[in-house]
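Here is a quick tour of a sheet and some charged pairs. Have the viewer open and follow along.

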Amino acid sequence: MLASKTIVRRHRVLAKTVMRLTALLACAVVCIGPVLAQDDGEVQGTPPPSSAAQAQQVVVPGFWDPRRRPERPDLSKLQAIRFLTDLDYPPFDYAGTDGNPAGFNVDLARLLCDEIKATCTIQARRFDTLLDALDDNRGDAVIASIAPNAETRKRADFTDPYYRTPARFVARADSPIGDVLPELVEGKKIAVVAGTAHEAFLKAMFTGAELKPYPNADAARAALRNKDVDLLFGDGVSLAFWLNGTDSGGCCAFRGGAFTESKFFGEGVGIAVKRGNDLLRQSLNWALFRQWENGKFTDLWLRYFPISPF
């Protein structure tokens with residue numbers, strides 16, 4: 001904490017302003033094309049809600065601008081697509097009951113192949129070998145939640161993002177805490193995994209809160225369940241999966257909105273293709289847009305995320 005009260009006050013005002021801008025950025029990302037179920041018709045500028053979306057008041061992330069429809073590439077040159085994935089990141093990638101790859105990424109890959117009218121194979125490999133296998137021509141595309149960044153872009157080209165991992169706050173279900181902004185949670189104890197981008201974000205923006213770093217996500221979640229802390233801050237996708245599962249025991253719920261500041265939480269997740277394979281990258285971009293436009297992406301998202309990370 002800075003010694004000067006004036007500096008502290010200015011810092012808090014700056015943090016508040018940044019948080020408001022972050023919320024607007026989150027909306028800019030999520031609201032480019034979210035499908036929000038409503039009783040009074042369609043959301044302007046978005047594709048029609050699917051039947052699944054109409055049944056649930058859930059915001060589905062959309063990264064596709066309906067005013068910028070990608071051109072349909074020459075798909076006749078794509079007869080088959082060999083997808084690579086891993087089995088260690090549920091609900092995106094895991095081994096199904098038959099031992100074969102399953103999960104959100106796998107189902108999305110099949111939808112894309114159907115849209116492109118290409119034969120689709122999906123092979124599982126260890127996560128740390130995926131980009132090597134792509135480089136060695138043992139696969140055509142990697143759909144395993146690899147985030148494009150300075151390092152991964154040296155090894156592969158990426159499609160447009162089809163999801164991102166926002167940060168979220170979670171409180172106990174009986175907590176009176178509603179919205180979460182720096183000035184509203186001063187003095188509150190917040191659990192976070194030590195050494196993560198989430199901890200760095202809290203240190204930068206929530207200077208008035210009392211951070212409680214834990215060695216892993218399980219320990220941080222246990223601290224919230226046991227009432228050792230007031231809030232938990234972490235990866236929204238993992239937290240949504242936890243809240244919707246049996247491990248949480250219905251103890252907790254999201255509070256406030258999603259935080260998507262790319263400086264801390266990345267630019268989103270795309271499909272990796274071999275560098276220079278523009279035909280496949282453009283074809284996948286086109287097919288991703290089509291899945292969002294016709295509502296199939298929404299149906300898929302709601303199937304895996306009845307409690308939305310957003």
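Predicted model: local features only at pLDDT ≥ 70, side-chain atom pairs only at ≥ 80, totals over all residues.

## Salt bridges

A salt bridge here means a side-chain nitrogen of Lys or Arg within 4 Å of a carboxyl oxygen of Asp or Glu.

Next, take a look at Arg155 and Asp132, whose closest N and O atoms sit 2.3 Å apart in another salt bridge. Arg155 belongs to the loop between strands S6 and S7 while Asp132 is in helix H4, so this pair ties together parts that are 23 residues apart in sequence. Arg155 is partly exposed at 38%, and Asp132 is partly exposed at 35%.

Glu151 and Lys154 make a salt bridge as well, with 3.5 Å between the closest N and O atoms; both residues are exposed.

Now for the strands. Five of them make an open sheet with mixed pairing, in the order S10-S9-S11-S8-S12. S10 (210-214) and S12 (252-259) are the edge strands, and each has a single partner, so one side of each has no neighbour in the sheet. From one strand to the next, the twist averages 30°.

Inside the sheet, S9 (residues 189-193) and S11 (residues 231-235) run parallel and are joined by two bridges. Ile190 has Leu231 in S11 as its bridge partner.

## A helix across the strands

Helix H7 (residues 236-244) lies across S8, S11 and S12. Its direction is at about 120° to S11.

Technical notes:
Residues numbered from 1 in each chain as written. Heavy atoms only, no water. Pairing = 2+ DSSP bridges. Helix = DSSP H or I, 4+ residues; strand = E, 2+ residues; numbered from the N terminus. Axes fitted to C-alpha atoms, helices over the stretch in contact; angles between N-to-C directions. Contact = heavy atoms within 4.5 Å. Buried < 20%, exposed > 50% of the residue type's maximum accessible area, 1.4 Å probe, protein only.
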